[in-house]
Structures are given as structure tokens and as C-alpha cells.
Amino acid sequence: MSSVSATPAIHFLRKHGVAFTEHPYRYEEHGGTRVSSRELGVHEHAVIKTLVMQDEEKRALLVLMHGDREVSTKQLARQIDRKTVEPCDPAVAQRHTGYAVGGTSPFGTRKPLPVYIERSVLELERIYINGGRRGLLVSLVPHELVRVLHAVPVEAAL
């Protein structure tokens, strides 16, 4: 089976035995999940964005959220026992993950990071999440995120 792009994320998924399919699409700068869901013909709620955030001590963490929702950083901080949580600067996010903004995947990050997942994502049958480069999503069953990333469910959607 040939891969559109052998990214660190794709290598990670194969190494961990995750069943997935690749979905390349035409990337648009600042288009976000609205564009990828439109291009792939799937509901934006099933497109999961990978957000790189940091706590009050500048420790990085990943948040996996529905494409059509935002993260309440106050709710998230409370649930993960941090004083504050805020989005990372794009350059800092890239240093932590090894991925360019718009191509950030939770799989195969430069260093292991704690991963938090919106609980309702786990109720979906199938999700679409970044495959490690702009213009590439992979689809898989959401429980694989808990298995291979040890993602911790939270309730922080707005």
C-alpha cells in the first residue's frame, strides 16, 4: 500500500497497528476544518483539530477538539489541575511537535506530549484528524486516540 506522504504521523500509526485511511485534500491557508470538511465531504464536527497549548509553566500539551467547536481554556485548566492554559505561539508549537501549523498531528510528535480529548469525540463512529502535513487527514476510529496516545477525556468544548 503506497502512502501519499510518509510523515512521522503515518509512520507512528503503522508502527502502532492503527487501521486508518488517508484523505488528501486541497489545503487553503487559514481555511481550517471548515475547508477540510468541505473538501472531503464530511461533517466538520467529525474533523478533529490538534491544538498545541501550554500551561502556566509553559509546559506543552495537545487538545483534540471537534472542528466546529472551540476550547474553554478555563474549563480545561480546571479539569487538568493547572492554573492556566493558553494556545502556544505557532513557532513554539512547531518546536514542540515538529509540525507546521495547519499540519499538526497528535501522532509522531517530536517529543511525547500529554493529550486531552473532548469526551464527545469518543462517541463518533469515525473521525478525521491531521496526518502530519497540510492537506492530509487520516480517518480512524476515535478510541485509537486513547489506546495509542493515552488521550485523557475532558469536557471543555464551547
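This is a predicted model: local features need pLDDT of at least 70, side-chain atom pairs count only at pLDDT 80 or more; totals for chains, interfaces and linings use all residues.
Residues are numbered from 1 along each chain as its sequence is written, and side-chain values use heavy atoms, with hydrogens and water left out.

**View 1. Helix α2 and its buried residues.** Helix α2 spans residues 32-40, and T33, V35, S36 and S37 are buried in it, where buried means under 20% relative accessible area (1.4 Å probe, protein chains only). Helices (H or I, at least four residues) and strands (E, at least two) are DSSP runs, numbered from the N terminus. Just after α2 comes G41, which takes a positive phi of about 70 degrees.

**View 2. The surroundings of T33.** T33, which has its place in helix α2, is buried, with a relative accessible area of 12%. Its side chain makes a polar contact with the side chain of E44 at 2.6 Å; such a contact is a pair of N or O atoms within 3.5 Å, and within protein one must be able to donate a hydrogen and the other to accept it, while residues adjacent in sequence count only if both atoms are side-chain atoms. When neighbours within four places in sequence are left aside, T33 is in contact (heavy atoms within 4.5 Å) with E44, V47, K49 and G67.

**View 3. The largest nonpolar core.** This core has 29 residues, and those with the most contacts inside it are F107, I129, L140 and L145; a nonpolar core is a set of buried Ala, Val, Leu, Ile, Met, Phe, Trp, Tyr and Cys residues joined through side-chain atoms within 4.5 Å. At least two of its residues come from each of α1 (8-15), β2, β3 (60-66), β5 (115-118), β6 (127-130), β7 and α5 (143-149), and α1 gives the most, with four residues. A second, separate core of 12 residues includes V71, A77, V85 and Y116.

**View 4. The buried face of α1.** The buried residues of α1 are A9, I10, F12 and L13. Seen down the axis of α1, these residues fall within an arc of 160 degrees, so they line one face of the helix; the arc is that of the directions from the helix axis to the C-beta atoms. They pack against β1 (21-24), β7 and α5, and α1 is followed by G17, whose phi is positive, near 65 degrees.

How values were computed
Buried means under 20% relative accessible area, exposed over 50%, partly exposed in between (1.4 Å probe, protein chains only).
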